[in-house]
Amino acid sequence: MSKTLEEYDVVVVGSGVAGCTAALKATETAEVAVVTKASKPEDSTTQWAQGGVATVAPEEDPGEFVEDVVEASAGEADRDRVELLVEEGSTAVEEFLVEEVGVEFDRADDGFHRTREGGHSHDRVIHRGDATGEAVHLALLDSLDRSTVDVYEDHTVIDIQEGGGVVAVDENEEPIYLASAATVLATGGIGDVYGRSTNPPGTTGDGVAMAALAGAEVKDMEYVQFHPTVHAERGFLLSEALRGEGALVVDEDGDRFLPSYHEDAELAPRDVVANAIYERSFDGDVYLDINPVMEGLDFVEAFPTAAENLTEEEMESGLVPVSPAEHFICGGVKVDDRGRTTVDGLYAAGETACTGVHGANRLASTSLLEGLVWGLRTGETAASEADDPRRPAEVDAFNGEMPEGFVDSKFTRLQETMWRNVGLQRSEEGLEKARQQLQRLRGEVRSYARGRVDSGLYELRNAVLVGLLVTEAALENEESRGCHVRVEA
Amino acid sequence: MSTTDEPDLGLWKYSDSLGSLPDEYSDLDEDERDRRIQDAKDELEYEVVILGHNYQRETVTRHADFLGDSLELSRRAADADAPYVVFCGVTFMAETADVVTDDSQSVILPSMEASCPMAGMAEDIQVDGAWNELTSVVPPEDVVPVTYVNSYASLKATTAENGGACCTSSNATEVFEWALDRGEKILFTPDRHLADNTLHDLGYTEDDYVIWDPWKPELGGNKEEEIEDATFLLWEGFCQVHERFTVEDVETTRERDPDVNVIVHPECRREVVEAADISGSTSEIIDEVESAEPGSSWAIGTEIHLTKRLARENPDKDVYGLCADECSDCNAMRQIDPDFLLYALESLVDGDVVNEIEVDEDDAEKAETAIQRMFDV
Ligand SMILES: Cc1cc2nc3c(=O)[nH]c(=O)nc-3n(C[C@H](O)[C@H](O)[C@H](O)COP(=O)(O)OP(=O)(O)OC[C@H]3O[C@@H](n4cnc5c(N)ncnc54)[C@H](O)[C@@H]3O)c2cc1C
């Protein structure tokens, strides 16, 4: 059964900002492979990042940036890690992203053009139009292509093994085995655990689940950030900058309701806005009124991506149906300042990892930065600590029958349970109920995953496990903080 | 192949009970664990009754007060005075036990992840949806739903609501006859193979049924005329352990052992049941083997732990599995291991009821109706 067995010092799982960066760094001193389930750039969340990358503004002291990150985190961030992020962030952008990788950010006379986003006390966010993620990601993929890294596209890793080695399945669901000395998990977020998400489909939390199964510690899993304004039907993000430029949130009757939740109304912190819309959405549809934006400026020029995604009708009425959606997980696989997990030979970077910089809530435009800074550190560390590659054991597969729609229908069940009970507002009763349902689901799924090699099934196994980890963390933490909101039933 | 050893089929390489079992309970030494289980039982005395399903491993069943199939065990639970019923089986069985016991009794499932995938193939919401679709093309009074006891309580409740009943693998024929007296069609959930075998026993053929695949967009993948013509609508669900036995297994077994009696469970595919000498529920399999001539040889087509137990208890006969151990090992049953049992019992000693199964009151009442109708048949 064993198809090709290649040997590498470092196998990086995932080709988003964290995976590409780690691989490009590691390949300077080691044999490296990137295994990614993406078959096109759009499959990675990095491609979708709109706002940009925050770095220290020329006029400020780095300490001010650190304060903003810590404040956004509800005081939960690890200050040393935040200092590291801020200090190394600027060099990572300038020396690596711009000089080595060749990303062209928008420029102003005296350097980068910088915008301001919610929670930032200075104009820090460097960008490329409103499609920064695409610019960064395509340049990284291009560098990867030109490097000595072997890239396995459309290969889903289904198992990582103690001491090294990964098992992946290719586009035909055939298993392939890669021996590795060090494995870096950079598998991104957990969108599919909730279904309603800004992340691209296929974001099933594989890295977190596989690390947990290998015995690695996970941390801060209850801190799931929900974006307040995502298109309710088509799932794309309506940038917070729209509200920054005057867009209003209205109910079915066209009335604003955010002023009664927070004095800053539409410009209130994103979790306040998200919770308000979540509550309202049980009474009827909620819309983003973009008319005020269109009055003030040339909409198509200022927000080309949004303009492209909206229908003619929406552009005309200026009313866009919105809902909150899962956006980012602050927690993840616990890592140290060099990307090491608590399991030897296993590393994690990017959204999959919990570096401690986000605490209970993430400051806007700091995750690409985190992927970059920790990507570089993790790549370097994994390469230097890699010893002998180890062969993975073969997976068992009787490949017995499974009803065709099993995976889809169980995903739906998982997502309904999570959205209702472990969504923006969590009660003890709801969480207990979710836990029972998820445990039952996990048992059912596992019975299959034992004997079948099937990427969808493994993704489901992972998503259910991640759902359970979020639920248990949310149950344990009785205090509302940052994006974790506990309520009475 | 050794017949007395417990198959060791820990196919997962890592500890896989994240969070559900406190650390201090993993990796205990077997003797210590057995002793502590016994101590807890002694301390709890009449407060607890431990029920062990036939498919449980020996290291669990050695502690059970009663062994049996799901229904026998539920009756034991109902008859017991013990306030705590520890059910070593899977979720739907513990649910049934909760339905039939009185409110003062708590039913405990040592591991909450012991859930049967077949039961999971027919969730009440799916079946509700199917029922609405189905009864939009045929009058509801023509269809009688029948649900195998291997299903969640919420589905049993829906079945009762729509005028149907439960059945087991030993009384399926009688329940089918009862249902056909009351309507023209049976909607059977969730095991297509048990239904297939039962309707054949009643003289029907494959021309008389269609498969309702809940994951297909319209009418379970059928045309309206096909639904109208069919007497039986079989839900697309199956037991993944019994589904794995093949006709080839029967043939190779016979080649090797020409005098063998092949006995299989009716959850096996139709062609396997046809190829076998006998088919029967677990209690029927046990009876057959126990009453057989010494020296006779038996190939068993059901879960491996029952086969191993029969081999142990009938040393004068040659009893073995119809296929290799790992092909007939139920992973859901396997989820209950003695560590979980000890955890549940010691928690009870400390006054902590962990992993209690509580069926919603309304569902419980209706599910009981569906079960009662079965007994009344
Ligand atoms: C709409 C949107 C806008 C955003 N805007 C910003 C912004 O302006 N600024 C900012 O800093 N952040 C932003 N974010 C967040 C940021 O984009 C992500 O957090 C970040 O890109 C994550 O990078 P990553 O490398 O960790 O993961 P990803 O980019 O998601 O990459 C994960 C990779 O792993 C692969 N993978 C997953 N599982 C497996 C497996 N089992 N086997 C093999 N491969 C696997 C995937 O295919 C993918 O290639 C935004 C996010 C969204 C959704």
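Predicted model: local features only at pLDDT ≥ 70, side-chain atom pairs only at ≥ 80, totals over all residues.
Let me start with chain B, where buried residues make up 62% of the 377 residues.

The secondary structure of chain B comes to 17 helices and 13 strands. Its radius of gyration is 21 Å, close to the 21 Å that the globule rule gives for 377 residues, so chain B is as compact as a globular protein of that length. Taken along the principal axes, the C-alpha atoms of chain B fill a box of roughly 65 × 55 × 40 Å. If we look at the contacts in chain B with a separation of 6 or more, residues 24 or more positions apart account for 68% of them.

Is Arg309(B) buried or exposed? With a relative accessible area of 9%, Arg309(B) is buried, the cut-off being under 20%. Once its neighbours within four places in sequence are left aside, Arg309(B) is in contact with Asn54(B), Leu67(B) and Ile286(B). Helix H14 also carries Lys308(B), whose side chain meets that of Asp325(B) in a salt bridge with an N to O distance of 3.5 Å. That pair links distant parts of the chain, since Asp325(B) sits in the loop between strand S13 (318–321) and H15, 17 residues apart from its partner. Both Lys308(B) and Asp325(B) are buried.

Now to the interface with chain A. The area buried between chain B and chain A is about 3200 Å², and carbon and sulfur atoms give 51% of it. The contact takes 35 residues from chain B and 32 residues from chain A. How many salt bridges are counted between chain B and chain A? The count is four, and one salt bridge joins the side chains of Glu123(B) and Lys410(A), with an N to O distance of 2.6 Å. On the side of chain B that touches chain A, helix H4 (91–100), helix H5 (117–120) and helix H15 (331–334) each supply at least two residues. By class, that side has twelve nonpolar, eleven polar and twelve charged residues. Glu123(B) also belongs to a network of salt bridges in which it is linked with Lys410(A), Arg413(A), Arg440(A) and Glu444(A).

The side chains of Glu459(A) and Lys37(A) meet in a salt bridge at 2.6 Å, N to O. Glu459(A) lies in helix H16 (residues 455–476) and Lys37(A) in the loop between strand S2 (32–35) and strand S3 (53–54), so the pair ties together parts of chain A that are 422 residues apart in sequence. Glu459(A) counts as buried at 16% relative accessibility, whereas Lys37(A), with a relative accessible area of 27%, is partly exposed.

The other pair is Arg256(A) and Glu266(A), whose side chains meet in a salt bridge at 2.6 Å, N to O. Arg256(A) and Glu266(A) both lie in the loop between strand S14 (248–250) and helix H8 (270–281), so this pair ties together parts that are ten residues apart in sequence. Here Arg256(A) is partly exposed, with a relative accessible area of 42%, while Glu266(A) counts as buried at 5% relative accessibility.

Technical notes
Residues numbered from 1 in each chain as written. Chains lettered and ligands numbered in written order. Heavy atoms only, no water. Contact = heavy atoms within 4.5 Å. Buried area = accessible area lost by both parts, 1.4 Å probe. Helix = DSSP H or I, 4+ residues; strand = E, 2+ residues; numbered from the N terminus. Nonpolar A, V, L, I, M, F, W, Y, C, P; charged D, E, K, R; others polar. Rg over C-alpha atoms; globule rule 2.2 N^0.38 Å. Buried < 20%, exposed > 50% of the residue type's maximum accessible area, 1.4 Å probe, protein only.
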